[in-house]
Amino acid sequence: MTQKPLLELGFISRAHGLRGELAVRPFDPGSQTLSTVDRVRIRTRAGVEKDLVLESLRPTPKEDIVAFEGVESRTEAEGLVGSTVFVFREDLEPPEEGEFFQGDLLGLSAVDEAGTPLGKVEEIWATGEVPNLVIRAAGRQELVVPFADEFVPTVDIAAQRIVIRPPEYVEVGRRDADKDAPDGSES
């Protein structure tokens, strides 16, 4: 499988000030990716794509305040609000063994350990210490799974497949193990 040349980073949430600065909100609040690249691609709400060069960056707790070359006024900045922000894979250091770009996880087919289809990874929520994968399938309840080894034993980007041990499966396994305890007690 060919890797995607662009990885979705976040979105432009608002114009900032009068000189064309913008607030970029990354999907992962802890991301420092913008501080490591010189350029991004944006896709406006109308679907128009444009490459922009970063002129300056000021991180804040929830978003990054950026200035892009060629965006000089608040009016120009307001026209970009709502745009999706992508970074070029070639501009990033490759992930370490066992690490993944979050954008590569989107769209993976999720199955349980027996191979039963659970749906596709459609979103990633960065709401705690580890990101949460949001898995959806028609006719099934949405499944939210922490992206941790206990719940995600296998990720195969090349095969576009991820093996999930849903939290309720883990809980059922733990209860059964407790009932089999030698003293008959439950923890």
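Predicted model: local features only at pLDDT ≥ 70, side-chain atom pairs only at ≥ 80, totals over all residues.
Residues are numbered from 1 along each chain as its sequence is written, and side-chain values use heavy atoms, with hydrogens and water left out. The chain holds three helices and twelve strands; these are DSSP runs numbered from the N terminus, with helices (H or I) of at least four residues and strands (E) of at least two.

**Overall picture**
- Of the 187 residues in the chain, 34% are buried; that means under 20% relative accessible area, with exposed being over 50% and partly exposed in between (1.4 Å probe, protein chains only).
- Take the contacts (heavy atoms within 4.5 Å) with a separation of 6 or more: residues 24 or more positions apart account for 50% of them.

**The largest pocket**
- The largest pocket comes in at about 760 Å³.
- A pocket here is an open set of points on a 1 Å grid over the protein atoms alone, where a 1.4 Å probe fits and there is protein on both sides within 12 Å along at least five of seven lines; lining residues have an atom within 4 Å of a point.
- Grid points are joined across faces, edges and corners, and the volume is the space filled by probe spheres set on the points.
- There are 29 lining residues, and Asp28, Phe100, Phe101, Gln102 and Gly103 are the closest to the pocket centre.
- Strand E1 (6–16), helix H2 (102–105) and strand E8 (117–125) each put at least two residues into the lining, and E8 gives the most, with four.
- By type, the lining splits into 15 nonpolar, six polar and eight charged residues; Ala, Val, Leu, Ile, Met, Phe, Trp, Tyr, Cys and Pro count as nonpolar, Asp, Glu, Lys and Arg as charged, and the others, Gly among them, as polar.
- Domain 1 (6–91) and domain 2 (102–163) each provide at least three lining residues, with bounds that come from an automatic or database domain assignment.

**Nonpolar cores**
- A nonpolar core is a set of buried Ala, Val, Leu, Ile, Met, Phe, Trp, Tyr and Cys residues joined through side-chain atoms within 4.5 Å.
- The largest core has 21 residues, and Leu34, Val40 and Phe68 touch the most other members.
- Elements giving two or more residues to this core are E1, strand E2 (21–26), strand E3 (39–43), strand E4 (49–59), strand E5 (64–68) and strand E6 (84–88), and the largest share, four residues, is from E1.
- A second, separate core has 15 residues, including Leu105, Leu108, Ile135 and Ile164.
- Setting aside neighbours within four places in sequence, Phe68 contacts Leu22, Val40, Leu52, Val53, Leu54 and Glu55.

**Residues worth a click**
- Trp125 sits in strand E8 and is partly exposed at 31% relative accessibility.
- Beyond its neighbours within four places in sequence, Trp125 is in contact with Pro131, Asn132, Val134, Glu142 and Val144.
- Trp125 and Phe27 are 98 residues apart along the chain, with their C-alpha atoms separated by 7.4 Å.
- Lys62, in the loop between E4 and E5, is exposed, with a relative accessible area of 64%.
- Leaving out neighbours within four places in sequence, Lys62 contacts Arg25 and Pro26; from Lys62 to Arg25 it is 37 residues in sequence and 6.7 Å in space, C-alpha to C-alpha.
- Gln160 lies in the loop between strand E11 (154–156) and strand E12 (161–163), and its phi is near 60°, a positive value in a residue other than glycine.
- Gln160 is partly exposed, at 28% relative accessible area.
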